[in-house]
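Thanks for making time this morning. I would like to walk through a few places in this model, taking a loop residue to begin with and then moving on to the cores and a pair of helices.

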Amino acid sequence: MKLLVVGSMAFDAIETPFGKTDKILGGAATYIGIASSVLKTDVSLVSVVGGDFPQEYFDMLKNRHVNVEGVEIIREGKSFFWSGKYHNDLNTRDTLATEVNVLSQFDPKVPGHAQEAEVLLLGNLDPAIQLSVLKKMKKRPQLVILDTMNFWMDTTWETLMKMIAQTDVITINDEEARQLSGEYSLVKAAQKISQMGPKYVIIKKGEHGALLFYEDKVFAIPALLLEDVFDPTGAGDTFAGGFAAHLAKTGDFSFENMKSAVIVGSAMASYTVEKFGTERLQEITKDDLQKRIDEFKQLTTFEVSLNAE
Ligand code: AMP
């Protein structure tokens with residue numbers, strides 16, 4: 001199946017307790033595209049960049065067979081720029097700068113071939129833009145996955161509600177799930193969010209893993225225990241990318257396969273955080289990913305029988 005991704009492509013400047021970068025490649029669609037390419041998924045990106053966006057970034061994506069025909073270049077404009085500084089615990093960060101630049105004029109152009117994508121991943125953007133992409137599809141995709149954040153809850157609640165109503169799978173973090181639902185308990189929060197539209201609710205809990213809710217079922221996974229977390233930027237996007245890519249690749253949207261997709265997304269994200277930006281993600285292969293998935297299995301499988309002789 002085809003995967004269509006809509007999201008930011010950006011320059012990021014990141015500061016963590018371990019170091020600092022100048023402007024490097026960032027953006028949600030970038031992380032998602034690279035993650036999808038590790039699984040060799042048929043993936044197309046829709047985004048907008050300025051004339052300052054280096055050709056080498058496009059070349060890197062093309063070499064990985066990520067289709068970038070839907071990335072508009074506004075020659076006279078500047079690319080979206082985000083800068084953040086992480087606290088010592090790496091779980092929280094301050095945004096130092098957000099220069100929206102060409103993203104403020106983003107009117108997504110979905111190329112013909114991508115209008116028929118079966119899986120649509122709407123990266124964190126203004127919900128009005130996310131909704132406009134849905135309207136541009138030839139028919140409704142079989143699976144619509146939505147990533148969003150508290151900023152849109154604070155500023156464009158009604159439009160966000162319309163978007164959520166059209167969503168099959170929503171991915172948000174625990175704090176955002178609480179804000180969206182007004183419930184502290186994540187079980188109650190997931191139930192309320194599900195009533196807003198999404199059949200599947202994924203709640204990300206950073207270094208504590210993730211939860212997948214579907215009807216009255218729940219699946220929980222821990223995060224892989226890493227020796228070193230270097231830069232968490234893009235972990236959420238990478239998770240969404242690995243998740244969506246696995247579903248598009250397998251074409252199976254059952255709860256059982258959603259569980260596998262959550263594992264794939266988590267394993268993928270565990271690589272992203274090991275180096276700055278997309279650097280580590282660009283190095284890994286499908287075999288590396290398999291190894292980490294096997295480690296996941298080791299970490300979480302056990303058998304206990306109190307009645308054993
Ligand atoms: P994450 O760490 O998963 O939240 O994603 C970080 C990425 O999101 C960075 O590469 C940023 O360029 C991008 N980003 C940050 N703020 C925004 C925004 N308001 N809209 C779109 N993308 C953003």
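Predicted model: local features only at pLDDT ≥ 70, side-chain atom pairs only at ≥ 80, totals over all residues.

Let me start with Thr41, which is found in the loop between helix H1 (28-38) and strand E5 (42-50), where helices (H or I, at least four residues) and strands (E, at least two) are DSSP runs, numbered from the N terminus. Residues are numbered from 1 along each chain as its sequence is written, and side-chain values use heavy atoms, with hydrogens and water left out.

Thr41 has a relative accessibility of 5% and therefore counts as buried, the scheme being under 20% relative accessible area for buried, over 50% for exposed and partly exposed in between, with a 1.4 Å probe and protein chains only. Leaving aside neighbours within four places in sequence, Thr41 is in contact (heavy atoms within 4.5 Å) with Leu3, Ser36, Ala245, Ala248 and Lys249.

Leu3 takes us to the largest nonpolar core, which has 63 residues, and in which Leu3, Leu45, Phe243, Met258 and Leu289 have the most contacts. By nonpolar core I mean a set of buried Ala, Val, Leu, Ile, Met, Phe, Trp, Tyr and Cys residues joined through side-chain atoms within 4.5 Å. H9 supplies the largest share of this core, ten residues. Apart from it lies another core, of 45 residues, with Val6, Ile74, Val102 and Val110 among them. In soluble globular proteins, nonpolar side chains tend to be buried together.

Now to H9 itself, residues 255-272, whose axis comes within 9 Å of that of helix H11, residues 286-300, the two crossing at roughly 110 degrees; axes here are lines fitted to C-alpha atoms, for helices over the stretch in contact, and angles run from 0 to 180 degrees between N-to-C directions. H9 and H11 are therefore roughly perpendicular to each other, a label that covers 65 to 115 degrees. On the H9 side, Ile263, Val264, Ser266, Ala267, Met268, Ser270 and Tyr271 meet Asp288, Leu289, Arg292, Ile293 and Phe296 in H11.

Finally, Lys199 lies in the loop between helix H7 (186-195) and strand E12 (200-204), and with a relative accessible area of 45% Lys199 is partly exposed. The C-alpha atoms of Lys199 and Tyr214, 15 residues apart along the chain, are separated by 6.2 Å.

Technical notes: Parallel < 35°, antiparallel > 145°, perpendicular 65-115°, else oblique.
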